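Please open the structure in your viewer and keep the sequence panel beside it, so that each selection below can be followed as you read.

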Amino acid sequence: MTSPDVLTTDDLDDIGHYGHPGRAEPQALLDRLVRAVDEGRIADERDRGYALSLAAGIAEEDLKDLDRALALIERGIVEDRASGESELDSRADRARLLHLTGREDEALAELTELRPLLESEPGATHVTEVLEEIGRADLAERWLTEAVRTLLTRTREPGGDTLTGDEQEQVAAMLFGLLRQRHRLRHELDLGHDDLDELADRLDVAAEQAADRAAAETSGLLYWPRNEFNGLLLRWPQLADQLGGTWDEHRTGVERELVALAGEGVPGLALVPGSAEAYAGFVTAGDRDPADEDTLDDYADGLADQADAVSWPPGRNEPCWCGSGSKYKKCCLPRSR
């Protein structure tokens, strides 16, 4: 922690970890977060909403105070809006809390306002996940169906082939995610197999074939946990060109690469954590250039079968793959946008 008075992004990530010692005294931890926001002691102003969402989570999960959680998440939405950060997750969580506090009509109205994002923003399936949570799986299926058909129509319209490569990857990833969630949901609702289910099946088959082809070229995506990353750059600063100048840059790049691979239909994605000490031994043993891309690739290949590979993506409410301890939806998921 850079100062006892200022909370950095890393500090907030640590607080979000369920194993954080402060969770033993949740009220004190909640008060600390709120005071830091009120007194301007959040290092990055864009994290003010993040801090309040963490406080809301503590109020809901640890203190069982839904009204306080709702008030905090609403403050967080205001902060996200002011800083230009995505409000999607916080607003979906607000809808869930509204439902839990008996305000079902307001909850549905909130989700309805977010519905168009299913057609434009990766990760917007959180909206339909919340619909499922509040007992409206039938409506979630309908929204998913309409979003998929809209996106398919858009890609087939004249000019649809003028999308940039990044835009094509984003649309492909969105369609794949929507189709898979819809496919699962229709199975749970015991609905018949339709043309979009057939498309989902074909995409799954294509994804498996793509994975088989990719297996010959890659055996896992290498990433460096925070301490290992810092140790690596301390020893070889030139690796910043390959890995990013900061750990935030590194994990953002890894998350975006994973999203791109998912957009290509590659299933079973996983990450292998690197070790600065082991990498030093690998470089020394082979008399290799540590900053050479081939050296990094060969090192990653050697880690392919290790037991501590991390599957991707985690659930939105599960700990993030990067090891910060924060929930994925509040940590690396937004970095891909």
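Begin by selecting Leu222, Trp224, Leu232, Leu239, Tyr279, Trp312 and Trp321, which are the residues with the most contacts inside the largest nonpolar core, a set of 35 residues. A nonpolar core here is a set of buried Ala, Val, Leu, Ile, Met, Phe, Trp, Tyr and Cys residues joined through side-chain atoms within 4.5 Å, and buried means under 20% relative accessible area, with exposed meaning over 50% and partly exposed in between, using a 1.4 Å probe and protein chains only. At least two residues of this core come from each of E1, helix H11 (226-235), H13, E2, helix H14 (276-286) and helix H15 (293-302); helices (H or I, at least four residues) and strands (E, at least two) are DSSP runs numbered from the N terminus.

The model is predicted, and local features need pLDDT of at least 70, while side-chain atom pairs count only at pLDDT 80 or more, although totals for chains, interfaces and linings use all residues. Residues are numbered from 1 along each chain as its sequence is written, and side-chain values use heavy atoms, with hydrogens and water left out.

Which residues does leucine 239 contact, leaving aside its neighbours within four places in sequence? Select leucine 239 together with Leu232, Leu233, Gly244, Tyr279, Pro290, Ala291 and Leu296, the residues it is in contact with, where contact means heavy atoms within 4.5 Å. A second, separate core has 29 residues, and you can find it by selecting Leu118, Val130, Leu139 and Leu178, which are among them.

Next, display the strands: three of them form an open sheet in the order E1-E2-E3, with mixed pairing, and two strands count as paired if DSSP finds at least two bridges between them. Strand E1 (221-223) and strand E3 (310-311) are the edge strands, each pairing on one side only. Between E1 and strand E2 (residues 270-273), the pairing is parallel and runs over three bridges, and tyrosine 223 stands opposite proline 273 in E2.

Finally, move to the segment after E3, where proline 314 is found. Is proline 314 buried or exposed? Proline 314 is buried, with a relative accessible area of 13%, and, not counting residues up to four places away in sequence, it touches Pro319, Trp321 and Tyr328. The C-alpha atoms of proline 314 and tyrosine 328 are separated by 6.8 Å, although these residues lie 14 residues apart along the chain.
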